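Welcome, and please take a moment to look over the model below before reading on. The paragraphs after it will walk you through some of its features, step by step.

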Amino acid sequence: MLVSAQEMLEKAVAGHYAIGAFNLNNLEWTKAVLKGAQESNAPVIVQVSEGAGKYMGGFKTIADLVKDLIESQGITVPVALHLDHGTYAGCQKCIKAGFSSIMFDGSSLPFEENEAKTRELVAACKALGMSIEAEVGAIGGEEDGVVGMGECADPDECKKIADLGVTMLAAGIGNIHGVYPEGWPGLRFDVLEAIKAKTGDMPLVLHGGSGIPDEMVQQAIRNGVAKINVNTECQIAFAKATRAYIEAGKDQKGKGFDPRKLLADGTQAITDMVKYKIEVFGSKDKA
């Protein structure tokens, strides 16, 4: 069964580790992420963007898929199903579809509107036992059409959103979605420390977790980050392994490629990436 992310995040804060949040794109990715978490005995957050939700057939389809795979694959570690960078309307759809967690990304809205909509969604999630993530200070780069320039969050605004009762808070600290450009100056730990001072034990979220040096990630964890999003590195690993299979010419004697075999190496590459990231985040054997 699916669980709220609240308990796993509270344990992560207390234990000074982070929960991996891995984006899904299809059946193979979903199986791969769950397998990696199970083999690592680690709690995990599986998440979809609204774009991936449309691609995979809708939020209800995704919720049913994840629930069925948990049962059929014998997954015993805690699993939260989360909406990544959700609009207000998208959050409402995921609440109805049976997700156990949502992210409302109101960072592009005027702060007062972000605050008002977050307050409303906090009440809805609390009534259903769901966890909710909010965002202050847009994350750099682009993800499914959501563009941010990477500005740093205002610690006072972070406190106002945290005080609404959200489960976790994504705050921009110079992090970027996608591949980090050459010359990227790194995370702003001074901003992270200021946010932490204002928000106390609130689990903080690091988006754009792909490509940040491991030691920098671990320093962020020591400074209060308890959820780290990973997508791009899984995409790269999947593409590289699948491309190698095609370039090896492993078709069926001119009949084309068996899709189950074609995607097998890429699927395993995602599982391996999940297990690696869980080690870096310190969440192995924390289920």
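This is a predicted model: local features need pLDDT of at least 70, side-chain atom pairs count only at pLDDT 80 or more; totals for chains, interfaces and linings use all residues.

Residues are numbered from 1 along each chain as its sequence is written, and side-chain values use heavy atoms, with hydrogens and water left out.

Let us start with empty space. Rolling a probe the size of a water molecule over the atoms shows where empty space is left. Here a cavity is a set of points, on a 1 Å grid over the protein atoms alone, where a 1.4 Å probe fits but cannot get out, and its lining residues have an atom within 4 Å of a point. Grid points are joined across faces, edges and corners, and the volume is the space filled by probe spheres set on the points. Searching the whole structure turns up 1 cavity of 30 Å³ or more. The volume of the largest cavity is about 40 Å³.

Which parts of the chain supply at least two residues each to that lining? They are strand S8 (168-171), helix H8 (189-199) and strand S9 (204-206). Helices (H or I, at least four residues) and strands (E, at least two) are DSSP runs, numbered from the N terminus. S9 gives the most, with 3 residues. Among the residues that line the largest cavity are Leu 169, Ile 195, Val 205 and Asn 175. By class, the lining has 9 nonpolar residues, 1 polar and no charged ones. In this scheme Ala, Val, Leu, Ile, Met, Phe, Trp, Tyr, Cys and Pro count as nonpolar, Asp, Glu, Lys and Arg as charged, and the others, Gly among them, as polar.

Val 205 leads us on to Glu 135: these residues are 70 apart in sequence, and 8.9 Å apart in space, C-alpha to C-alpha. Glu 135 sits in strand S5 (residues 131-136). Is Glu 135 buried or exposed? Its relative accessible area is 1%, so Glu 135 is buried. The cut-offs are under 20% relative accessible area for buried, over 50% for exposed, and partly exposed in between (1.4 Å probe, protein chains only). Contact means heavy atoms within 4.5 Å. Leaving aside neighbours within four places in sequence, Glu 135 has contacts that include His 85, Asp 105, Asn 114 and Leu 169.

Now to the rings. Rings of Phe, Tyr and Trp (its six-membered ring) pair if their centres lie within 6.5 Å, and planes under 30 degrees apart count as stacked, over 60 as edge-to-face and the rest as tilted. By this rule there are 4 aromatic pairs. In one of them, the ring centres of Trp 29 and Phe 238 are 5.7 Å apart with planes at 55 degrees, so this pair is tilted. Because Trp 29 lies in helix H2 (residues 27-40) and Phe 238 in helix H10 (residues 232-247), the pair ties together parts that are 209 residues apart in sequence. Trp 29 and Phe 238 are both buried.

Phe 238 also touches Thr 267, a residue of helix H12 (residues 264-281). Thr 267 has 15% relative accessibility and therefore counts as buried. Neighbours within four places in sequence aside, its contacts also include Glu 28 and Ala 32.

Back in H10 we find Arg 243, which at 45% relative accessibility counts as partly exposed.

Finally, look at the backbone. Asn 41 has a positive phi of about 50 degrees although it is not a glycine. Asn 41 belongs to the loop between H2 and strand S2 (44-48), and with a relative accessible area of 30% it is partly exposed. Asp 285, also not a glycine, has a positive phi of about 60 degrees. Asp 285 is in the segment after H12 and is exposed, at 51% relative accessible area.

In strand S2 itself you will find Ile 45, buried with a relative accessible area of 1%. Ile 45 and Ala 5 are 40 residues apart along the chain, and their C-alpha atoms are separated by 7.3 Å.

Note on methods. On a 1 Å grid over the protein atoms alone, a cavity is a set of points where a 1.4 Å probe fits but cannot get out, and a pocket is an open set with protein on both sides within 12 Å along at least five of seven lines; lining residues have an atom within 4 Å of a point.
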